[in-house]
Amino acid sequence: MRVKVLVDGNSMNSMDENMGVIPFDSIPAASIKKIEIIPGGGITLYGSGSSSGVINIVTKNGEEKEYGQVGVSAASYDTYKIDLTKGMQFGKKVFSNFSIEGQKGKGYREKEEHERVNGLAAVNVNLNDKNRVRVSGMVYHEDAKGTDELDLITLQKHRRGAGPSEAEIKSNRHSLALDYEYRPKENWTITAGVYEAKFKRKIDQDNRPYVQYLPSAGFNDFFGQPKNYSSDLVLKDVRNRMRGSMEEREKGIKLKSEYEHKRGKFIFGMEHADHRVKREMHMQTSPYNEMDNLRLFLRPRNERVVNADIIADPEKMMNPNTYITMMFLCFQPEGAGFDRTKTLKKVNDIIYQKAQEEEIQLTDAEIKKYQAGEDYPWDWEETTKNVMWKTLYELSKEKLIDYTQGNNPYLIIDEPGKPPRKVEITAEDTFEHFIKIIAPNHFDETLQAVGVMDAKVDVKKDTDSFYLFNTFDLTDKLEVNAGLRYEKARYTGNRKSIMKQYVKGNKMKEEGAFLVKFLASTSDYEYLNYLHHSGKIDFYGSELGLEKEKEFKETGATTIVMSELTKREKRTEENLGGEIGLNYKWNPYNTVYGKYERAFNSLLPNQLTNKTFDPRLKVKTYWESNLKTETIDNFEIGLRGAINDNITYSLAGFISDTHNEILTIVKDGSSHMNREWRFINIGKTRRMGLELQAQENFDKLTLKQSFTYVNPKIISNDYESQIREIAKDKAEAQFQIFARNRRNFSIPMVVRGYGQSKEVQEKFCNDVNAVLEDLYVGKIDSQSATEKVGKLIDDSPYGKDVKKKKRLFNTLKSFSSKHNENIKETFQKELQAEIDKLSKDNFLNKGDRVPLAPKVKATFSADYQFTDRLKMGSNVTYIGSYLNAEPSFGYEVVRVKVPSHAVMDFYGTYNLHEDFSIKFGINNVFNHQYYLRQDSRTATPAPGRTYSVGFSYRF
C-alpha cells in the first residue's frame, strides 16, 4: 500500500488486505467535484503509505450554492444506475448537500451480480468570519454474488465461466466526520477534526473445490513418493460452506495549524488514529465417506494447476485403503491365498517397465537379481520408491483369479485366532476390489465425516503522528521547502484457528474405527502436541487414536481436533520521515525542481503473520513474518510548465531506493477459505525511471499523453538467509512443543498407570523429565539417559515390584532411545534440509526484477468537439508485463510472468440543451482478453467489450 487515497482529507485505505481493493464505488460519482493527484511522495503531510503518491477525492460537500443533478444510465450485463445530487442553502450561513446513487446489474462472468446503494451528505455552517463547522457522512451498502478464480486451462475453454465456488457478500460502510475551522488572522488557519469509519462484510461462500488438502505428515516415505513429486492426503469432490464476517473500524483526531508568512508558509500538525480489524470465519464440509472421497493425490512437484481433468486421472488419485492393502500384498502375497511366485513376478515386471518409462538408471546388480527371479531385486530409495505408485495402479487393474494358487476362484483369509476361511471371487474382480471382498463387514455405508474450521482475528494498530512543513522563498524565483514527520505505531491482538473432524456411523462396523484412528494419526494437533517416541506417524493407533476409537465404539460418534493455531501480536514501531526540495521558476511559465524525500511504510496489522503450507508437517500454519518497516529514499528532478498557451507538460527523472521493501505473496487470493499469504522484506530495491505528461489544447481537439518507464531491480537481498532464520525459529518452536508435551502429558500418562500417591508421581516425573531434557539437547547420550532412568526407578517406590519395575523401565526406555538423542538438533536439520532442496530460482536474488512492477505504463487520449452539442473521445491505456509472486510449499517463491495488455475505451456526450445531456461509451473496444489477477494456476478475467448509455439533467 504505497498510494494513499483520501476523500475530503480522510483516508479510504483499508488496514486489512482481505477487505479487497479500495472501495471507490462507495462514493457517488456525481458527488465528486475534482480528483487531485499528488505524484511522488507526501510523507510529511500524509504519513505512512503515501510514498508513491496521494489521490485526494474532493466532493461537493464544500459547495455553498444551490444546484441539482439527476442521472440514469444502462450498461452491458443488465447493469442500471440512477443518481441524484442536490445542494441547498438555508439563509446566509447554512449550506447542505447530498448525493445518492443506486446500481443493480450482473457481472462479466457467470453467477456474478450486485445491488448497491451509496450516499454522501454534509452540512456547512459559517458561524462568523472566523469560525466554520462542517459535519459530513457517507454510507454504502452492497449485496453481491460472485465466484472465485478459474484455473488457466479451463479459462481458455470458457472465459466467462464460474469458478468452483459461489459467494454472497453483504458489505456495509459508514463514516462520520466533524471538522472545525478557526481563522484568528487572515494569514493563520487552525483546523481540528474527529472522524469515525466502519467497514463490515458478511460472507456466505459455497465451495466446490476439486481437492481439499488434509494434514499428512510422514506420508512421503510410507507411500513411496517419487523424486520431484508431491503426495498429499486429500478429500475429492467434497463441498464446503464458509460463513464469516470481517470488520474494520477507524477512529481518529486531527489538528493542523497553517500560517502564511511574507516569504512562504509554515504548517504544524498532529494526528491520532485507532484501527481495529476483526474477522470471524466458520467453515464446514459436507458429509463425506472414506471410500468415496478420501484419496492420495500424486503429481509432479511443479504441476500447479488442479482441475476436473487432472483429478479424473485415476493414476493420480488412489484410495488410501486400497493403496495400503495392495502395498502389503506386494511383499506378502501368500497371506491371502495368492501364488507368491506369480504375484511377485508381475510386481517386478511392472517395476522394471515403469523404471524404463521413467528413465531410472538400474544398477547391474538389480538387473541380474531381476533376471534371476529374486523376490525383491530392487533398491527401495533409488528404484522402488520412484515407481511404486504407478506399479500399484497397474496392479490394481489385474484380475485376482490370475494370481491365486491354482487360479482358484476364491481367496483364503487367515485371521489371528480364527480358522482360515474362503472368500469367493468372480472372473471380473480385480486387485482394486480386494479389500471390499475380504472385509465386507468392514465398510459402513452410513459412515460420515464432517470437517469444521473456526478462525478468529482481532488486531489493533494505534498511531500517533507529529509533523512540520515549511515553504520559504529565498528569492522571487527560488523556493525551498522542507518537512519532518514522526510516527509511532503500537500493534496488539491475536488470531486463532481450530480445525475438527466429526465422525458418525455404525459403531459395530470396523470402517468407522479405522477412520477415527487414521484421522487421529494424521492430525497435526496430534503430531505436534502428542508426538510419541518414534517421531513418526503410527498407523496402528496413537494414544489419541486409541482414546477416540474407544469413544466411537461406545457411542458411534467422536470428534478429533486436527489442528489448533494461536498467535498473539504485540509490537511497537517508531519511524521518522521527511523531505527537502528546491523549485526554480526561470520564467513565468516554467519551473525546474529537485527534491529528496525519506519516506516510510509502516506495517499493517495483518502483515505481522504469515499463513502458508509447512513442507515437513504438510499443513497450513501461522508463523511470524518478522517484517521490518519499509523505508524509501526518493530523489527526483524535473521540469513542468507550458511551452505556449496550448501546450503544458511535466517531465521528471527519478531514483527510488527502498530498504526492506514489503512484498505480499498470495496464493488463491479470491478464496477466503483457501487463501495463503506470506509477507517478506526485500533487502534493497531500486527503481530508476522517467515520467512524461503532456496536454495539447487546440480549437476543437484536446490531446493528453502520459508515459512512465521504470527499471525495478533488486539491488541486494539474502532471502535464503531470511528463510533459514525463519526455519530456525520454527524448529525451536516445534522442539519446545515436543518437550513441553513430553513433560506435561506423555511421561505423566505412563507413570499414572503404575499407581502411587500424587506427590510420588510428581517427584518421579520431574526427575525423569530432567534426565530426558538433557538427552533432548545433547548433554547426555541415549545409553546414559537409559541408565539414569533405570536408577531413578530403582531408587523410587516403583522399584519394589519386580514385574511393574520391568514394564515401567521398558516403557520409559523408549523415551530415551537413540532417536531422541539431541532431538533439538534433529528438528533443525529436518527444516534446513527442506531449504537445501530448493534451487536459487526459488528465491528472490540480487539482480532479479522486483515482482508486481511493470516497466512501462502509458496512456493516450483524444477529445474532439464536433459541434456545440456533440463531443466524443477515446482513451488508450497500456500496462507492460510484470512478474507475479506466490508461495509454494513452505519456503519457495514461484514467479509468473503476467503479459502486457492495451485497452481502448470510447466515450461521448451529446447536449440536447444546456441542462440535459446524453452520455454513451464503449469500454475495451477491441475486446482484448487479459487478466485482472493471475498466478501460476488461476486467474480472474477482465471484462470484454461493454457498452453504456445514459442521461443527466441539471436543475
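Me: In strand 38, which residue is the bridge partner of L150?
Reply: The bridge partner of L150 is A939, a residue of strand 38. Please note that the model is a predicted one.

Me: How do strand 10 and strand 38 pair, parallel or antiparallel?
Reply: Strand 10 pairs with strand 38 (residues 938-941) in the antiparallel sense, over 2 bridges. Both belong to an open sheet of 3 strands, whose order is 10-38-37.

Me: Which strands stand at the edges there?
Reply: The edges are strand 10 (150-151) and strand 37 (931-934). Each has a single partner strand, so one side of each is left without a neighbour in the sheet.

Me: And what holds paired strands together in general?
Reply: The strands of a sheet pair through backbone hydrogen bonds, and the pairing may be parallel or antiparallel.

Me: Which strands make up the open sheet of 4 strands?
Reply: That open sheet has the order 13-14-17-18, with antiparallel pairing. Strand 13 (211-213) and strand 18 (317-318) stand at its edges. Each of these two has a single partner strand, so one side of each lacks a neighbour in the sheet.

Me: What is the partner of L296 in strand 18?
Reply: L296 has M318 of strand 18 as its bridge partner. Strand 17 (residues 294-300) and strand 18 pair over 2 bridges, in the antiparallel sense.

Me: Changing topic: how many salt bridges are there in the whole structure?
Reply: A search of the whole structure finds 45 salt bridges. One of them joins the side chains of K81 and E101, at 4.0 Å from N to O.

Me: Where do K81 and E101 lie?
Reply: K81 lies in strand 6 (residues 79-90), whereas E101 lies in strand 7 (residues 94-106). The pair therefore ties together parts that are 20 residues apart in sequence.

Me: Is E101 buried or exposed, and why?
Reply: E101 counts as buried because its relative accessibility is 7%, and the cut-off for buried is under 20%. K81 has a relative accessible area of 22%, so K81 is partly exposed.

Me: Which residue forms a salt bridge with K548?
Reply: E551 forms a salt bridge with K548, and their closest N and O atoms are 3.7 Å apart. Both residues lie in helix 13 (residues 543-555), where they are 3 residues apart, about one turn of the helix.

Me: Why is K548 classed as it is, and what about E551?
Reply: K548 is buried because its relative accessible area is 15%. E551 is partly exposed, with a relative accessible area of 32%.

Me: Which residue pairs with E394 in a salt bridge?
Reply: E394 forms a salt bridge with K397, the closest N and O atoms being 3.7 Å apart. E394 is partly exposed at a relative accessible area of 22%. K397 is also partly exposed, at 46%.

Me: Which residues are linked in a network of salt bridges?
Reply: The network links K198, K200, E247 and R249.

Me: Now the surface: which residues form the nonpolar patch?
Reply: The patch is formed by L255, Y259, F266, F268, M270, F466 and L468, which together have about 560 Å² of accessible area. Strand 15 (240-261), strand 16 (264-285) and strand 21 (448-473) each give two or more residues to the patch.

Me: Which strand gives the most?
Reply: Strand 16 gives the most to the nonpolar patch, with 3 residues.

Me: Where is L468, and is it buried or partly exposed?
Reply: L468 is found in strand 21. L468 counts as partly exposed because its relative accessibility is 38%.

Me: What about the inside: how many cavities of 30 Å³ or more are there?
Reply: The count comes to 5 cavities of 30 Å³ or more. The second largest cavity has a volume of about 240 Å³.

Me: Which residues are closest to the centre of the second largest cavity?
Reply: They are V7, N10, M138, S175 and A177, out of 19 residues that line the second largest cavity. At least two lining residues come from each of strand 2 (10-11), strand 9 (131-147), strand 11 (165-185) and strand 12 (188-207).

Me: Lastly, how many helices and strands does the chain have?
Reply: The chain has 18 helices and 39 strands. Of its 955 residues, 49% count as buried. The C-alpha atoms fill a box of roughly 105 × 65 × 55 Å along the principal axes.

Key. Residues are numbered from 1 along each chain as its sequence is written. This is a predicted model: local features need pLDDT of at least 70, side-chain atom pairs count only at pLDDT 80 or more; totals for chains, interfaces and linings use all residues. Side-chain values use heavy atoms; hydrogens and water are left out. Patches are made of residues with over 30% relative accessible area and no salt bridge: like charges are joined within 9 Å, nonpolar side chains (Val, Leu, Ile, Met, Phe, Trp, Tyr) within 5 Å. Accessible areas come from the Shrake-Rupley method with a 1.4 Å probe; for residues, only the protein chains shown count as cover. Buried means under 20% relative accessible area, exposed over 50%, partly exposed in between (1.4 Å probe, protein chains only). Two strands pair if DSSP finds at least two bridges between them. On a 1 Å grid over the protein atoms alone, a cavity is a set of points where a 1.4 Å probe fits but cannot get out, and a pocket is an open set with protein on both sides within 12 Å along at least five of seven lines; lining residues have an atom within 4 Å of a point. Grid points are joined across faces, edges and corners, and a volume is the space filled by probe spheres set on the points.
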